[in-house]
Amino acid sequence: MKRWYLLIFLLAAGALFAPARAGAASYPRIASGSPGFTATIIAMGLEDHLVAVSRFCTLPDRLAHLPRVADAQNVDGETLMAAKPDVVLTQIQDPARYAGLQKIDPNVRVIYISVETIDDIGTSMLTIGEIVGKQADAEVLYAAWQERIA
């Protein structure tokens, strides 16, 4: 139940960052393998840079067109490659799952972010902010999240 509240909070927080899209063209094309990562990306105003998501993501209608490429067990490499991501964010620490992707396009960065505890959720927000070059927005989101869970 707490995860749903967190997801709703992160999606609602996206309105805080919507004006920050100016110059967004420099941000990477992102494939998110986790609903939490997807919510963070949306909350930072980077939804236009999502090119693929997890099969478990609950998305607003405006993003329903995004291909669903991964779950806890499988990655649809063909669909993922068709989305042409620059960055793939995953919670699955299994380099073999993404080895084929990087053989086809060695420029794709596959980044594993561990989320095992509630503190890891906040850390993942900051990590995603660093990856996409929006550290300040990630810090604001993180502070709002910390206040909300306190």
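## Close-up views of a predicted model

**Overview of the whole chain.** The protein contains six helices and five strands, where helices (H or I, at least four residues) and strands (E, at least two) are DSSP runs numbered from the N terminus. Read along the sequence, these elements follow the pattern α-β-α-β-β-α-β-α-β-α-α. This is a predicted model, in which local features need pLDDT of at least 70 and side-chain atom pairs count only at pLDDT 80 or more, while totals for chains, interfaces and linings use all residues. Residues are numbered from 1 along each chain as its sequence is written, and side-chain values use heavy atoms, with hydrogens and water left out.

**View of Ile42 in helix H2.** Ile42 lies in helix H2, which spans residues 35-43. Its relative accessible area is 4%, so Ile42 is buried (under 20% relative accessible area, with a 1.4 Å probe and protein chains only). Pro60 is 18 residues from Ile42 along the chain, and the C-alpha atoms of the two are separated by 9.9 Å.

**View of helices H5 and H6.** Helix H5 (residues 118-132) packs with helix H6 (residues 135-149) at an angle of about 165 degrees, and their axes are 7 Å apart; the axes are lines fitted to C-alpha atoms over the stretch in contact, and angles run from 0 to 180 degrees between N-to-C directions. H5 is therefore roughly antiparallel to H6, a term used for angles over 145 degrees. The contact (heavy atoms within 4.5 Å) is made by residues including Ile121, Met125 and Leu126 of H5 and Leu141, Tyr142 and Trp145 of H6.

Terms used
Buried < 20%, exposed > 50% of the residue type's maximum accessible area, 1.4 Å probe, protein only. Parallel < 35°, antiparallel > 145°, perpendicular 65-115°, else oblique.
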